[in-house]
Amino acid sequence: MTDVLPPPPWKKPRRAPSPAREPLSADKIVDAAFKVLDAEGLDAVSMRRVADELDTGAASLYAHVANKEELLELIRERVLSEIRIPEPDPARWQEQLRELAFEIQRAHANHRDIARLSLGNIPVGYHALRMGEGMLAIMLAGGVPPSVAALATDRLALYIAADSFEGALIVARHGLDAADASERFQARLKEIHDYYRTLPRDRFPTLTAHVEELMQADSDERFAFGLDMLIRSLETYVRR
């Protein structure tokens with residue numbers, strides 16, 4: 001019955017117990033890494049910074065993620081898992097390649113400079129391999145010779161990643177939100193357009209004569225045009 005007695009005034013009240021923390025997992029660590037990535041960019045992602053986001057010590061992360069390299073691989077895999085791979089259709093292989101390329105570009109654009117992880121890395125994760133498998137299968141279904149399709153898979157992936165990374169650089173360089181990037185890109189083109197107009201015509205006759213053509217397309221149109229150049233060249237191998 002002692003629990004019904006009031007506490008003596010000289011005794012300090014008991015501290016309320018802290019709420020139990022949810023146990024760490026690889027998924028929770030990756031979720032926290034994405035918060036850092038989307039807010040501050042890829043360079044800010046480190047084991048210590050992610051641990052701070054989780055209000056824990058960096059040492060506790062190593063029970064679930066071996067090191068920063070593995071963490072970055074898990075991040076990349078999470079992004080690539082968002083990409084839908086179409087079932088190869090020989091009649092639509094070129095259109096499917098375009099659709100897949102835009103899917104990958106959109107997934108990159110949703111997460112700052114995540115595309116940088118695709119540069120200089122050989123794909124070994126499940127979703128990275130799934131993407132390569134799908135791209136290769138589409139080209140083979142369209143009649144592209146295997147040796148050409150293999151090289152094209154590499155070149156297409158490089159083109160998509162490089163274009164996505166350049167877009168992220170524009171956003172970061174000017175401190176923009178992703179939603180403002182296209183508008184800022186157009187404003188930058190207008191500045192370059194006006195500058196080209198001031199170039200001496202006797203030194204740069206071709207550039208000054210075709211300023212309008214050089215500046216006419218937005219970033220999506222430029223990406224689509226580059227894809228068309230690559231895909232149309234593949235068509236010549238099919239005809240051959």
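Reader: How many helices and strands does the protein chain have?

Author: Helices (H or I, at least four residues) and strands (E, at least two) are DSSP runs, numbered from the N terminus. Here the protein chain has 10 helices and 0 strands. Along the sequence the pattern reads α-α-α-α-α-α-α-α-α-α. This is a predicted model: local features need pLDDT of at least 70, side-chain atom pairs count only at pLDDT 80 or more, and totals for chains, interfaces and linings use all residues. Residues are numbered from 1 along each chain as its sequence is written, and side-chain values use heavy atoms, with hydrogens and water left out.

Reader: What share of the residues in the protein chain is buried?

Author: Buried means under 20% relative accessible area, exposed over 50%, partly exposed in between (1.4 Å probe, protein chains only). Of the 240 residues in the protein chain, 32% are buried.

Reader: Is Thr153 buried or exposed?

Author: Thr153 has a relative accessible area of 15%, so Thr153 is buried. Thr153 belongs to helix α6, residues 146–173.

Reader: Which residues does Thr153 touch?

Author: Contact means heavy atoms within 4.5 Å. Leave aside residues up to four places away in sequence; Thr153 then touches Gly132, Met135, Leu136 and Met139.

Reader: What about contacts across the protein chain? How many join residues at least 24 apart?

Author: Take contacts between residues at least 6 apart in sequence. Of these, 66% join residues at least 24 apart.

Reader: How many aromatic pairs does the structure hold?

Author: Rings of Phe, Tyr and Trp (its six-membered ring) pair if their centres lie within 6.5 Å; planes under 30 degrees apart count as stacked, over 60 as edge-to-face and the rest as tilted. The structure holds 3 aromatic pairs. In one of them, Phe102 and Phe223, the ring centres are 5.0 Å apart and the planes stand at 85 degrees, so this pair is edge-to-face. Phe102 sits in helix α4 (residues 93–109) and Phe223 in helix α10 (residues 219–239), so the pair links distant parts of the chain, 121 residues apart.

Reader: Is Phe223 buried or exposed?

Author: Phe223 is buried, because its relative accessibility is 0%. Phe223 also pairs with Tyr159: centres 5.4 Å apart, planes at 5 degrees, so that pair is stacked. Tyr159 lies in helix α6 and Phe223 in helix α10, so the pair ties together parts 64 residues apart in sequence.

Reader: And what is the relative accessible area of Tyr159?

Author: The value is 21%, so Tyr159 is partly exposed. Ring pairs link Phe102, Tyr159 and Phe223 into a cluster.
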